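This briefing takes up a few helix contacts, some individual residues and some backbone details. The structure is shown first, and the points are then grouped by topic.

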Amino acid sequence: MWQCTLCVAGAGALLYALYRWLIPALVRYNGPLALLWHDGVVERGLDLLTRSTRPQRLLAHVQKHATLRDPTSVITTIDHFCRHREWAMNVGDEKGAILDSVVLEANPGTVLELGTYCGYSAVRIARLLAPGTRMFTLEFNPASAKIARQVIAWAGLEDKVTLLEGASGELIPQMKEKFGVDKFDLVFLDHWKDRYLPDTHLLEDCGLLRIGSVLLADNVICPGTPDYLQYVRSSPRYDSRYFKSHLEYTLAEDGLEKSVFQG
């Protein structure tokens with residue numbers, strides 16, 4: 001009997017080691033495998049076991065550990081959650097530092113974020129904006145938008161960020177007439193990768209970019225946006241530069257593409 005118990009305990013320990021350390025260590029250098037493991041296996045398994053979602057678990061961690069109305073505390077708490085508890089596809093701390101530098105350099109008066117998810121990058125951007133800056137963030141998934149609103153409010157930035165729910169292809173054409181936006185000085189693309197190029201064309205066609213407007217696109221290597229990269233790197237309408245980095249919370253190559261609109 002005791003031998004059977006030992007076998008069960010040993011198998012359990014092995015499975016836990018595989019889940020907690022061995023497989024994450026093996027996939028951390030391979031972006032597609034990392035996404036498959038964290039999103040395809042771990043997230044679905046934890047959703048079933050906990051009867052909650054990853055965004056809900058992230059929010060609970062923020063509300064338990066982050067200082068209320070302290071954006072920096074919210075950011076570091078989410079980064080800790082994603083590195084030590086459960087991976088999530090935020091821009092992350094490493095690429096986040098690049099995002100910070102672009103925001104500070106651009107010093108925008110109007111900002112558009114495409115893809116809010118849980119609100120991490122919205123908090124990261126909004127905390128650096130000057131008073132009077134208008135920031136809009138668009139999220140297609142109502143469940144994610146609900147979590148993001150609470151994360152943004154916990155950071156004390158709800159008055160600086162306008163979160164709009166719906167498809168980017170429907171909301172972008174409404175920005176001038178419905179929301180009173182003339183031009184966007186900075187656009188952060190971090191939503192569905194197959195929407196990067198169509199939404200860039202929409203921004204152009206709707207007259208929402210000025211000479212000098214900055215487009216900053218995340219995950220251009222993993223999962224990848226080859227059509228978008230080909231366009232901004234070859235079009236005379238953009239001066240484009242790649243910032244090499246890593247897929248969030250891994251060592252797999254990824255990066256940000258900064259493209260300045262030339263008119």
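This is a predicted model: local features need pLDDT of at least 70, side-chain atom pairs count only at pLDDT 80 or more; totals for chains, interfaces and linings use all residues.

**Packing of helix α3**

- Helix α3, which covers residues 54–65, packs with helix α7, residues 142–154, at an angle of about 15 degrees, and the axes of these helices are 10 Å apart.
- Because angles under 35 degrees count as roughly parallel, α3 and α7 are roughly parallel to each other, and their crossing is left-handed.
- On the α3 side this contact is made by P55, Q56, L58, L59, V62 and Q63, while α7 contributes I147, Q150, V151 and W154.
- Sorted by class, the contact of α3 with α7 comprises seven nonpolar and three polar residues, with no charged residues.
- With helix α4, residues 71–84, α3 packs at an angle of about 130 degrees, and here the axes are 9 Å apart.
- That angle makes α3 oblique to α4, and the crossing of this pair is right-handed.
- The residues that make the contact are R57, L58, H61, V62 and H65 from α3, together with V74, T77, I78, H80, F81 and C82 from α4.
- By class, the contact of α3 with α4 divides into six nonpolar residues, four polar residues and one charged residue.
- L58 and V62 are among the α3 residues in the contact with α7, and L58 and V62 are also among those in the contact with α4.
- H65, a residue of helix α3, counts as partly exposed because its relative accessibility is 45%.
- Between the C-alpha atoms of H65 and Q262, which lie 197 residues apart along the chain, the separation is 44 Å.

**The two sides of helix α11**

- In helix α11, residues 226–234, the buried residues are Y228, L229, Y231 and V232.
- These residues cover an arc of only 165 degrees around the axis, and they therefore lie on the same side of α11.
- P226 and Q230 are exposed on the other side of α11.

- When neighbours within four places in sequence are left aside, D199 is in contact with L114, S168, G169, I172 and H191.
- N219 sits in the loop between β5 and α10, and N219 is likewise buried, with a relative accessible area of 1%.
- Beyond its neighbours within four places in sequence, N219 is in contact with M89, K95, D190, K193, G224, T225, L247, E248, D254 and G255.
- One of these contact partners is K193, which is 26 residues from N219 in sequence and 8.0 Å from N219 in space, C-alpha to C-alpha.

**Residue R28 between α1 and α2**

- R28 is found in the loop between α1 (2–27) and α2 (31–50), and with a relative accessibility of 37% R28 counts as partly exposed.
- Leaving aside neighbours within four places in sequence, R28 is in contact with T250, L251 and A252.
- R28 and E253 are 225 residues apart in sequence, whereas their C-alpha atoms are 9.9 Å apart in space.

**Backbone details**

- The phi angle of R51 is near 55 degrees, which is a positive value in a residue other than glycine, and R51 is exposed, with a relative accessible area of 79%.
- N219 also has a phi near 55 degrees, again a positive value in a residue other than glycine, but N219 is buried.
- The peptide bond that runs from C222 to P223 is cis, with omega near 5 degrees, and P223 is found in helix α10.

Notes:
Residues are numbered from 1 along each chain as its sequence is written. Side-chain values use heavy atoms; hydrogens and water are left out. Axes are lines fitted to C-alpha atoms, for helices over the stretch in contact, and angles run from 0 to 180 degrees between N-to-C directions. Helices (H or I, at least four residues) and strands (E, at least two) are DSSP runs, numbered from the N terminus. Angles under 35 degrees count as roughly parallel, over 145 as roughly antiparallel, 65 to 115 as roughly perpendicular and the rest as oblique. A crossing is left-handed if the near helix is turned anticlockwise from the far one by less than a right angle, and right-handed if clockwise. Contact means heavy atoms within 4.5 Å. Ala, Val, Leu, Ile, Met, Phe, Trp, Tyr, Cys and Pro count as nonpolar, Asp, Glu, Lys and Arg as charged, and the others, Gly among them, as polar. Buried means under 20% relative accessible area, exposed over 50%, partly exposed in between (1.4 Å probe, protein chains only). The arc is that of the directions from the helix axis to the C-beta atoms.
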